[in-house]
Structures are given as structure tokens and as C-alpha cells.
Amino acid sequence: MKKNSFVSIADLSRGDIIRLIGRASEFEMNPCGTLLEGRVCATLFFEPSTRTRLSFETAINRMGGRVIGFSDVSTTSSTKGETLKDTVKMVSNYADLIIIRHYLEGAARYASEVADVPVVNAGDGANQHPSQTLLDLYSINKTQGRLEDLTVTLVGDLKYGRTVHSLIVGMSHFHPAFNFVSPGELRLPGIYRQFMDSCGIRYAEFTEFSEDVINGSDILYMTRVQRERFSDLMDYEKVKNVYTLRNIMLSGSRDNLRVLHPLPRVSEISYDVDDNPKAYYFEQAKNGIYARQAIICDTLSI
Ligand code: CP
């Protein structure tokens, strides 16, 4: 792996996270510059995206870099049978940095092992979404004034939600308490429960999305049921509308509570929440530009 690839949040220390959040904050104050002048960054998106690809591309443009890549794999030589390895090797010839989203878990790690330039994981299957986690941590720190000792409630698809998996690992440095709300079918995988046990992290699991859980939270992190990860769509149909956050449900919540969501949402947050000052998901997505500016500069050592 290239030394500076950004593949998993587990590769970052507490100090790395704090440093990157500080850098993102500097970019929020001064978003434009010439740090990437003369550099080319490739965005290889084998899965759909709105926020991640466009915020990475905005980040690159704002720093004077240029973007190549694709968002529709059907226009690439993958359709002729070209392997991921060959695609990544080729793009290494054209770009100084590769940002990749792929439907296979481990694809970004593999790409980082075969690429001649640093690789950033923009989401690999149900595994990890580390740049989302950095923007989530940035958003949590910005709204709470700290990362330490917070109660974070994660709701929805905890089985397939890669942002959930990454956030657990990212928050693990900061003494969190977690509540996990999901139907049994979408329970958090055992590997993450074992990880928290090994770190001594407190957590509780619920199937009911109750106001008691909301009222005891600092962060309410809603997630979409990941239709694209189900092998049997009948199973998806059973759980797709399992929880919906409505504005009335926030009436007894803490003043500092903020509602986050990696987006896109489907039915899990009612539109009547959008005007509540505790709704933070659109600002959260905007923070992605600054967090990704920090990640790009870190991977390129600039
Ligand atoms: N949060 C997120 O990854 O959104 P996109 O799928 O639109 O990139």
C-alpha cells in the first residue's frame, strides 16, 4: 500500500483524526487556493454517488487541481473485461491520486496495493466509508464542541451501513456510548460488537425507536436501508420503512442534539424535521468538502 493511502478509518490514530479535523477547519475558513495546481486527481466510481464524488471534485477544483475519471462504469473498458487491477494500474499513469468507490468490500485496499499513487476509499461495499467518517467527526466536533464522552444513537441499517461501521471505529478513540436501533435483520455485525467489547466501549441495542433513546442522545445518526446490498428484494421490502424520525419525536430531546444522516434519505427522516434547528444533515454534507480537502492534501503530503 502507498504510505499515504486513505483506505480505512482504522488506519488513523486519534492524533491523525484530530489533525485532519483541524486541517478541515482551516479549509472551511479559507476554502480556495492553489495547493493542487499542476495535479490531476482521478475519481473512479463503480457505484452511484452524488455527495461523495461531487464534494471530492469540488475540493479538488477549489484547490486548483484537475479531475479525470468516470461515474458510469458502462462507459469504461471494464465492460470489455478489464480487471480492477489493470484499470487502477492504468489510471496511476494519468493521475497523482485515485479516489475510488467500488461495490466489493476490500476493493479500495486492493487498489492501494496495486496503484503507484495514493488511493482514497470513497466507499467499498458494506465495509467502510472513511471520508464520510471524517466529515461526520468534523460535524460532531463542530456542533458539540468536542468528540469526547458523547452518546451517539445510530438508527436503521446497521448491518450494511458502511458509514455506521466506520463511525464506530472513528469514535472509538473518544470514549463514546452508543445506542444501536435496528430490526433484528439489520443488526450490527458481530465483528463490530466484538470490537467495542475489546475497547471497553459501552453500547446498548434496541429494536424499538423510542423517544427515551432519542432524549438521552447527543447525536442521532439516521441511516437509509441499503436496498442495493440485499440479495433478496423481498427481505428489503420487509424492513425498508422500519423507522421514520418525525419532528414531534424531537420535542423532548437535549438542546445540543443534532440529527445527522450520511444521505441520501428515503423515508427515514420526515420532511417536517428539515426546518428543526437540530437537523444538521445538509450542513453535514457541506462539511464534506472541507474534510475531503484535508484528506486529499494529507494523502499527497501537501
Ligand atoms: N453519503 C454518501 O456517500 O452519499 P453519496 O452516495 O451520494 O456519495
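User: How much space lies in the largest cavity?
Analyst: This is a predicted model, where local features need pLDDT of at least 70, side-chain atom pairs count only at pLDDT 80 or more, and totals for chains, interfaces and linings use all residues. Residues are numbered from 1 along each chain as its sequence is written, and side-chain values use heavy atoms, without hydrogens and water. A cavity is a set of points on a 1 Å grid over the protein atoms alone where a 1.4 Å probe fits but cannot get out; points are joined across faces, edges and corners, and a volume is the space filled by probe spheres set on them. For the largest cavity, that space is about 50 Å³.

User: Which element gives the most to the lining of the largest cavity?
Analyst: Lining residues have an atom within 4 Å of a point; here they include Leu135, Gln284 and Arg292. Helices are DSSP runs (H or I, at least four residues), numbered from the N terminus. Two or more lining residues come from each of α5 and α10 (281–299). With 4 residues, the top contributor is α10.

User: Is leucine 135 buried or exposed?
Analyst: Leucine 135 is found in helix α5. Its contacts (heavy atoms within 4.5 Å) include Gln284, Ala291 and Arg292, not counting residues up to four places away in sequence. Buried means under 20% relative accessible area and exposed over 50%, with partly exposed in between (1.4 Å probe, protein chains only). Leucine 135 has 2% relative accessibility, so it counts as buried.

User: What is the nearest side chain of opposite charge to aspartate 136?
Analyst: Lys and Arg count as positive, Asp and Glu as negative; His and the chain ends are not counted. A salt bridge needs a side-chain nitrogen of Lys or Arg within 4 Å of a carboxyl oxygen of Asp or Glu. Aspartate 136 is buried yet has no salt bridge. At 7.8 Å away, the nearest opposite charge is on arginine 292.

User: Which side chain makes a polar contact of 2.8 Å with the side chain of aspartate 136?
Analyst: A polar contact is a pair of N or O atoms within 3.5 Å; within protein, one must be able to donate a hydrogen and the other to accept it, and residues adjacent in sequence count only if both atoms are side-chain atoms. The aspartate 136 side chain has such a contact with tyrosine 221, at 2.6 Å. The partner at 2.8 Å is glutamine 284.

Key. On a 1 Å grid over the protein atoms alone, a cavity is a set of points where a 1.4 Å probe fits but cannot get out, and a pocket is an open set with protein on both sides within 12 Å along at least five of seven lines; lining residues have an atom within 4 Å of a point.
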